[in-house]
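The following note sets out numbered remarks on a two-chain entry. Please read them alongside the sequence and the coordinates.

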Amino acid sequence: MTLAGAYVRSGLFLLTALVFHLALFSDLRVLGVAPEVPLAIAVTAGLVGGPERGAIAGFAIGLGIDLYLPTLFGLSALIYTVWGYAVGLLEERIFRSAWWINVLVTAAATAGGLLVYAVLGELLGEANLYTDRLYTVMGVAAAYNLVLSLPLLGLWHWSWPRMLGEER
Amino acid sequence: MATGTRTGRSRFTLIFLLLTSATLLTLDARDFEPLQRTEETLSDLISPLRSGADRVFEPVGDAWAGVTGYDELESENEVLRQELQKLEGQQILDSDAVIRLESLLDVLGLPYVQDIPNVVGEVLTANVGNFDRYSVQINRGAEDGIRNGMPVVTRGGLIGRIDGDPGLGHSRVTLLTDPGFEVGVLVVGTEDVALASGGGQGEPLMVTKGLEIDTEVDIGDEVVTSGVDRSRYPPGIPIGTVTDIDFDEARLLQLLTVAPSANTDSLSFVTVLLYDPLEEGS
């Protein structure tokens, strides 16, 4: 598959994931908490594609979800970019991971990403982010993303099949 | 060498994306209009896909809500059963078909809206993230005459206001449960204009400013919008009823707890009042 083909697949995957999140996953709440699909997308992109692709995917899905959130436009994009990059870097340098490590990393990175989102959002003047409920949100969303990480990792592998001679 | 080049390129990409995000954040914080128009356009582009997917997945969401919110459903059923019994009693009294039709129209109407033009909108999705519990999106926007700050009501009363510039065919409503939501209110029968603010999801509103200590207020009194000069809400929209009264001796004020009259938990349709206080004033 050509590089352009891989980017088209990735774009389609991101758009589909965004629409699914808006129409389906945001309604599947446990204790009032929905899965953080966009964050899981950024993290799994980093795990499968490395830091650069993680950052690009995080930025793109972050901008997409920012269109629908009342917080400042660009906040999710900023955090998901960093998260996709950081997880990709860790995977490349430290984990070189087995699938179960990737699953656990997705859950941990989800909880961490939400904490950073809340703290940074409050610093930028957004209200009601760092509240008592935050830890419930982190726990439930992490558990949700733990489950979702497996299909998402598979879909990223489909979007970016290892090309001949490509180191990633 | 190849790894070094790749690392350099990915660092460059990271810095570029971070700078872009920071620029967008800054522009949005300054209400940069071209950016807001771009956001609206992008959102409008995704809108048809989302609406289609909403329709497809609606039964799944409903089934999930039925499973996870079983206890809530039970208590809601109980309330509905009681209401049904009341209505059945009423039906016996008003057996004439014309009278029944009139009462149905009365239920559908919003008596306090009077002659204010309004638009009925459907709630697209309650919220899409875990940090936006105090807002909903509706399928009406600028092309329906909706503007930033317009009041949003249901039959129960005020539920919020339009937040930010709406898109062409959609807009965001900030709910009155938002702790940052403030509205000028009047306890029916008094003349003190006070300020009520949201208390959080599932919590009552609080009136902490403006109500003098010697003003006569009782538990159960109704609270409505004050509609004072330049208020963004017309007067007389129901807010709720007083459930608790406390006193701030230092500031010589009464502090009220107000149970909202409108339910914001399971909204399907809402009415946006196309009310512009400046036009009304002129």
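**Remarks on the predicted model**

1. In chain B, 57% of the contacts between residues at least 6 apart in sequence join residues at least 24 apart; two residues are in contact if their C-beta atoms, placed from the backbone, lie within 7 Å. For chain A, residues 24 or more positions apart account for 71% of the contacts with a separation of 6 or more.

2. On provenance, this is a predicted model, in which local features need pLDDT of at least 70 and side-chain atom pairs count only at pLDDT 80 or more, while totals for chains, interfaces and linings use all residues. Residues are numbered from 1 along each chain as its sequence is written, and chains are lettered from A and ligands numbered from 1 in the order in which they are written.

3. Chain A contains 6 helices and 0 strands, in the order α-α-α-α-α-α along the sequence. Chain B has 5 helices and 12 strands. Helices (H or I, at least four residues) and strands (E, at least two) are DSSP runs, numbered from the N terminus.

4. The radius of gyration of chain A is 15 Å, which agrees with the value near 15 Å for a compact globule of 168 residues. That radius is taken over C-alpha atoms, and the globule rule is 2.2 Å times the number of residues to the power 0.38. Along the principal axes, the C-alpha atoms of chain A fill a box of roughly 50 × 30 × 30 Å.

5. Of the 168 residues in chain A, 60% are buried, and of the 282 residues of chain B, 30% are buried. A residue is buried if 20 or more other C-beta atoms lie within 10 Å of its own, exposed if 12 or fewer, and partly exposed in between, with C-beta atoms placed from the backbone.

6. At the interface, 39 residues of chain B are in contact with 39 residues of chain A. On the chain B side, the elements that give two or more residues are helix H1 (2-29) and helix H2 (33-68). By class, that side has 19 nonpolar, 12 polar and 8 charged residues; Ala, Val, Leu, Ile, Met, Phe, Trp, Tyr, Cys and Pro count as nonpolar, Asp, Glu, Lys and Arg as charged, and the others, Gly among them, as polar.

7. Ser21(B) is located in helix H1 of chain B. Ser21(B) counts as buried because 25 C-beta neighbours lie inside 10 Å. Residues up to four places away in sequence aside, Ser21(B) touches Phe59(A), Gly74(A), Ala77(A), Leu78(A) and Thr81(A).

8. The largest nonpolar core has 68 residues, of which Ile41(A), Ala42(A), Ile61(A) and Trp83(A) touch the most other members. Two or more residues of this core come from each of H1, H2, H3, H4, H5 and H6 of chain A and from H1 of chain B. H4(A) supplies the largest share, 11 residues. A second, separate core of 38 residues includes Ala196(B), Leu205(B), Val258(B) and Leu273(B). Such a core is a set of buried Ala, Val, Leu, Ile, Met, Phe, Trp, Tyr and Cys residues joined through C-beta atoms within 7 Å.

9. Which helix of chain A spans only 33 Å between its end C-alpha atoms? This is helix H6 (residues 134-159), where a straight helix of 26 residues would span 38 Å at 1.5 Å a residue; the expected span is 1.5 Å times one less than the number of residues. H6(A) bends by about 40° at Leu148(A), and Pro151(A) follows within four residues. The bend at a residue is the angle between axes fitted to the seven residues ending there and the seven starting there.

10. H2(B) spans only 41 Å between its end C-alpha atoms, whereas a straight helix of 36 residues would span 52 Å. A bend of about 50° occurs at Phe57(B), with Pro59(B) following within four residues. Within H2(B), Glu39(B), Glu40(B) and Arg50(B) are buried. The buried residues of H2(B) pack against H1 of chain A.

11. Most residues other than glycine have a negative phi. Leu31(A), in the loop between H1 and H2 of chain A, has a positive phi of about 55°. With 10 C-beta neighbours inside 10 Å, Leu31(A) counts as exposed. Leu252(B) likewise has a positive phi of about 55° and lies in the loop between strand E10 (238-248) and strand E11 (253-260) of chain B.
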